[in-house]
Amino acid sequence: LRDGATPLVVIDDLIADIKKDNMPTLEDKAASLGEDERAIFFVIARNDGCSVDYISHELNIKSSKVNAILTVLEIKGYVTTFGGKAYLSK
């Protein structure tokens with residue numbers, strides 16, 4: 001304990017500690033994305049998912065460009081489609 005060990009009282013403490021150390025932040029996840037990809041990724045993450053129209057309106061980008069970028073983000077594994085209309089971040 002003197003060297004910084006944390007006593008394990010319940011299993012939830014261990015799970016929380018593991019998640020805290022291993023869970024990348026949104027910034028970490030988006031570090032390798034381009035500017036438009038990052039902007040779209042963050043809009044989706046902030047809103048717990050949204051539609052192409054919402055993203056287009058929020059960022060003032062044409063929906064055709066948003067669709068193209070969402071396809072790339074989906075291929076890269078950053079977002080997933082829900083019912084073909086809404087996108088969720090992973």
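Visitor: How many helices and strands are there in the protein?
Guide: This is a predicted model, in which local features need pLDDT of at least 70, side-chain atom pairs count only at pLDDT 80 or more, and totals for chains, interfaces and linings use all residues. Residues are numbered from 1 along each chain as its sequence is written, and side-chain values use heavy atoms, with hydrogens and water left out. Helices (H or I, at least four residues) and strands (E, at least two) are DSSP runs, numbered from the N terminus. From the N terminus on, the elements run α-α-α-β-α-α-β-β, and the protein has five helices and three strands.

Visitor: At what angle do the axes of helix H3 and helix H5 cross?
Guide: Axes are lines fitted to C-alpha atoms, for helices over the stretch in contact, with angles running from 0 to 180 degrees between N-to-C directions. Angles under 35 degrees count as roughly parallel, over 145 as roughly antiparallel, 65 to 115 as roughly perpendicular and the rest as oblique. H3 and H5 are therefore roughly perpendicular to each other. The axes of H3 (residues 35–46) and H5 (residues 63–76) come within 10 Å, and they cross at roughly 80°.

Visitor: How many charged residues does the contact of H3 with H5 have?
Guide: Contact means heavy atoms within 4.5 Å, and among the residues that make it are Asp-36 and Phe-41 of H3 and Lys-65 and Leu-73 of H5. Ala, Val, Leu, Ile, Met, Phe, Trp, Tyr, Cys and Pro count as nonpolar, Asp, Glu, Lys and Arg as charged, and the others, Gly among them, as polar. By class, the contact of H3 with H5 has eight nonpolar and no polar residues, while the charged residues number four.

Visitor: Is Ser-56 buried or exposed?
Guide: Ser-56 lies in helix H4 (residues 52–59), and beyond its neighbours within four places in sequence it is in contact with Ile-61, Lys-62, Ser-63 and Val-66. Buried means under 20% relative accessible area, exposed over 50%, and partly exposed in between (1.4 Å probe, protein chains only). Because its relative accessibility is 14%, Ser-56 counts as buried.

Visitor: Which residues is Glu-27 in contact with, leaving aside its neighbours within four places in sequence?
Guide: Glu-27 is found in helix H2 (residues 26–29), and at 48% relative accessibility it counts as partly exposed. The C-alpha atoms of Glu-27 and Phe-42, 15 residues apart along the chain, are separated by 9.1 Å. With neighbours within four places in sequence set aside, the residues in contact with Glu-27 are Arg-38 and Phe-42.
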